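Subject: Structure handover

Hello,

Here is the structure for you to look over. My notes on it follow below.

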Amino acid sequence: MLAVLAVSYASSLRAYLAQRSHLEDLRAQIEEKSDNIEAYEREARRWDDDEYVAQQARERLDYVNPGETSYVVIGRDGQPLGGDDASLSDPVAAPADEEVPPAWWDTAWASVEAAGDPQAAAEEEAEQQPADEIVPPPEQTEEGTE
């Protein structure tokens, strides 16, 4: 009888300790989220200031005030010079060192074409080689607001 009681209490104690650990993890997540909320609220208050909005428009969108003249130095290749100024470069173009994945609609259309011609799909699969190594995609990092 004592052994049965000990086993039943042991399982209940294990469940209790697991729930406490989970509760501590959730409290840590709540604290982290509340810090993020405070940072976002600070950022929102900054956008209420007209001078800050004007500064961001000048930096990000290259706006100029009436009467001012904007100059952009162009290199021999026809691209704007400026190094770190990302607003002058083409925002749609991807960096040269990153491989751009195919668009989802291209992949979907390829599956439709493969369904229409199973012989070509079988030949294409025979040409493909298995990967030597599975490489996870690079993780995106969040930039701080300040």
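Tyr 52 is buried, at a relative accessible area of 9%. Buried here means under 20% relative accessible area, exposed means over 50%, and partly exposed lies in between (1.4 Å probe, protein chains only). Tyr 52 forms an aromatic pair with Trp 47. The centres are 5.1 Å apart and the planes stand at 80°, which is edge-to-face. Trp 47 is partly exposed, with a relative accessible area of 34%.

A word on the source before going on. This is a predicted model, in which local features need pLDDT of at least 70, side-chain atom pairs count only at pLDDT 80 or more, and totals for chains, interfaces and linings use all residues. Residues are numbered from 1 along each chain as its sequence is written, and side-chain values use heavy atoms, with hydrogens and water left out.

**Aromatic pairs**

How many aromatic pairs does a search of the whole structure find? There are 2. Rings of Phe, Tyr and Trp (its six-membered ring) pair if their centres lie within 6.5 Å; planes under 30 degrees apart count as stacked, over 60 as edge-to-face and the rest as tilted. Trp 47 with Tyr 52 is one of them, edge-to-face at 5.1 Å. Trp 104 and Trp 105 also pair, with ring centres 5.7 Å apart. Their planes are at 80°, so this pair is edge-to-face. Trp 104 is exposed, at 65% relative accessibility.

**Overall layout**

The chain has 4 helices and 0 strands. Along the sequence the pattern reads α-α-α-α. Helices (H or I, at least four residues) and strands (E, at least two) are DSSP runs, numbered from the N terminus. The chain has 146 residues, and buried residues make up 4% of them. Its accessible surface is about 14000 Å², and 55% of that belongs to carbon and sulfur atoms. These areas come from the Shrake-Rupley method with a 1.4 Å probe; for residues, only the protein chains shown count as cover.

Now the contacts, meaning heavy atoms within 4.5 Å. Take those with a separation of 6 or more: residues 24 or more positions apart account for 32% of them.

**Gln 56**

Gln 56 sits in helix H2 (residues 50-61). Is Gln 56 buried or exposed? Gln 56 counts as buried, at 8% relative accessibility. Leaving out residues up to four places away in sequence, Gln 56 touches Trp 47 and Leu 61. That is the Trp 47 of the aromatic pair with Tyr 52.

**Salt bridges**

The structure holds 2 salt bridges. The cut-off is a side-chain nitrogen of Lys or Arg within 4 Å of a carboxyl oxygen of Asp or Glu.

- Glu 43 and Arg 46: the closest N and O atoms are 4.0 Å apart. Both residues lie in helix H1, 3 residues apart, about one turn of the helix. Glu 43 is buried at 17% relative accessible area, while Arg 46 is partly exposed at 33%.
- Arg 58 and Glu 68: the side chains meet at 2.9 Å, N to O. Arg 58 lies in helix H2 and Glu 68 in the loop between H2 and helix H3 (104-116), so the pair ties together parts that are 10 residues apart in sequence. Arg 58 is partly exposed at 37% relative accessibility, and Glu 68 is partly exposed at 36%.

**The loop between H2 and H3**

Asp 62 is found in this loop. Asp 62 has a positive phi of about 60°, although it is not a glycine. Asp 62 is partly exposed, at 32% relative accessible area.

Asp 77 is in the loop between H2 and H3 too. Asp 77 is exposed, with a relative accessible area of 58%. What does the side chain of Asp 77 reach? It reaches the backbone nitrogen of Gln 79, at 3.0 Å.

**Surface patch**

Met 1, Leu 2, Leu 5 and Tyr 9 form a nonpolar patch on the surface. Together they have about 550 Å² of accessible area. Patches are made of residues with over 30% relative accessible area and no salt bridge: like charges are joined within 9 Å, nonpolar side chains (Val, Leu, Ile, Met, Phe, Trp, Tyr) within 5 Å. Met 1 is in the segment before helix H1 (2-47). Met 1 counts as exposed, at 79% relative accessibility.

Best wishes

Key. A polar contact is a pair of N or O atoms within 3.5 Å; within protein, one must be able to donate a hydrogen and the other to accept it, and residues adjacent in sequence count only if both atoms are side-chain atoms.
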